[in-house]
Amino acid sequence: RPTGDDEEEDEDASIPWLRCEAVTHLSLAEKPAVIAEYLKTLPGPTEAETKMGHTCLSAERDALLTRSVLVLSAVENLRDANILLRAYIADIETRDIPALQKSYTNKKDGLAPSHVIFCSMLLRICEKEMKTGPLFTWLLKSFNSELSGMFKPDVVKAYCTKIGRVYFNIQP
């Protein structure tokens with residue numbers, strides 16, 4: 001989609017598809033540290049992006065973290081997914097993690113489920129036995145509004161389907 005015009009190519013760098021492609025390729029290249037450094041350059045979520053039932057897209061930084069963790073998990077690379085998530089929590093996330101954990105299951109606080117908590121729960125579930133398939137299904141259901149609001153939700157769903165099949169023998 002870049003046209004060769006330098007000015008247009010610079011503008012293309014902010015297009016969501018290009019950023020999604022970049023983190024996908026970095027995930028497949030097993031470069032979690034590079035992804036974390038890139039995510040540091042993006043702004044955190046706004047109040048509007050963290051409201052329950054928001055109609056805007058998810059915060060780009062959070063959505064790219066989730067996409068990277070999904071890609072890494074789908075290709076059975078939980079090691080790099082954990083490295084990325086730990087780096088994100090340690091160096092990038094500015095919100096209070098215990099408060100985000102509590103808020104994740106609280107439907108009355110007016111906040112949307114947090115991407116960082118979703119990713120953390122996803123990785124812990126994938127590290128368990130196949131018997132945790134129902135918990136995986138619940139996790140996807142509880143985070144569905146965020147997943148379906150991400151760029152190219154059909155691709156995100158394909159990653160989730162592959163994770164379900166690989167780790168929990170859940171057939172689509």
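**Close-up 1. Salt bridges across the predicted model.** The count comes to 8 salt bridges, a salt bridge being a side-chain nitrogen of Lys or Arg within 4 Å of a carboxyl oxygen of Asp or Glu. This is a predicted model, where local features need pLDDT of at least 70 and side-chain atom pairs count only at pLDDT 80 or more, while totals for chains, interfaces and linings use all residues. Residues are numbered from 1 along each chain as its sequence is written, and side-chain values use heavy atoms, with hydrogens and water left out.

**Close-up 2. Arginine 19 and glutamate 60.** These two form a salt bridge whose closest N and O atoms are 2.8 Å apart. Arginine 19 sits in helix α2 and glutamate 60 in helix α4, so the pair ties together parts that are 41 residues apart in sequence. Helices here are DSSP runs (H or I, at least four residues), numbered from the N terminus. Arginine 19 is buried, with a relative accessible area of 16%, whereas glutamate 60 counts as partly exposed at 29%. For those labels, buried means under 20% relative accessible area, exposed over 50% and partly exposed in between (1.4 Å probe, protein chains only).

**Close-up 3. Arginine 79 and glutamate 30.** Here the side chains meet in a salt bridge at 3.9 Å, N to O. Arginine 79 belongs to helix α5 and glutamate 30 to the loop between α2 and α3, so parts 49 residues apart in sequence get tied together. Arginine 79 counts as exposed at 53% relative accessibility, and glutamate 30 is partly exposed with a relative accessible area of 47%.

**Close-up 4. Aspartate 62 and arginine 95.** At 3.2 Å, N to O, the side chains of aspartate 62 and arginine 95 meet in another salt bridge. The pair links distant parts of the chain, with aspartate 62 in helix α4 and arginine 95 in the loop between α5 and α6, 33 residues apart. Aspartate 62 counts as buried at 3% relative accessibility; arginine 95 counts as partly exposed at 24%.

**Close-up 5. Threonine 66 and its neighbours.** Threonine 66 has its place in helix α4, residues 60–74. At 0% relative accessibility, this threonine 66 counts as buried. Leaving aside residues up to four places away in sequence, threonine 66 touches His115, Phe118, Cys119, Phe143, Leu147 and Met150, where contact means heavy atoms within 4.5 Å.

**Close-up 6. Stacked rings.** A search of the whole structure finds 5 aromatic pairs. Rings of Phe, Tyr and Trp (its six-membered ring) pair if their centres lie within 6.5 Å; planes under 30 degrees apart count as stacked, over 60 as edge-to-face and the rest as tilted. Phenylalanine 118 and phenylalanine 143 make a stacked pair, 4.1 Å centre to centre with 5° between the planes. That pair links distant parts of the chain: phenylalanine 118 is in helix α7 and phenylalanine 143 in the loop between α8 and α9, 25 residues apart. Both phenylalanine 118 and phenylalanine 143 are buried. The rings of phenylalanine 136 and phenylalanine 168 have centres 4.9 Å apart and planes at 25°, so they're stacked too. Phenylalanine 136 lies in helix α8 and phenylalanine 168 in helix α10, so this pair ties together parts 32 residues apart in sequence. Both phenylalanine 136 and phenylalanine 168 are buried. Ring pairs also link Tyr104, Phe118, Trp138 and Phe143 into a cluster.

**Close-up 7. The nonpolar core.** The largest nonpolar core has 42 residues, and those touching the most other members are Leu39, Leu65, Leu70, Phe118, Leu122, Leu147 and Ile163. Such a core is a set of buried Ala, Val, Leu, Ile, Met, Phe, Trp, Tyr and Cys residues joined through side-chain atoms within 4.5 Å. Isoleucine 163 touches Leu70, Ser73, Ala74, Leu122, Cys126, Phe136 and Phe168, not counting residues up to four places away in sequence.

**Close-up 8. Helix α10.** With 16 residues, α10 reaches 21 Å from its first C-alpha to its last, close to the 22 Å expected at 1.5 Å a residue; the expected span is 1.5 Å times one less than the number of residues. Its buried residues are Val156, Tyr159, Cys160, Ile163, Gly164, Tyr167 and Phe168. They cover an arc of only 140° around the axis, which puts them on the same side of α10; the arc is that of the directions from the helix axis to the C-beta atoms. The buried residues of α10 pack against α2, α4, α5, α7, α8 and α9. After α10 comes asparagine 169, with a positive phi near 55°.

Key: Helix = DSSP H or I, 4+ residues; strand = E, 2+ residues; numbered from the N terminus.
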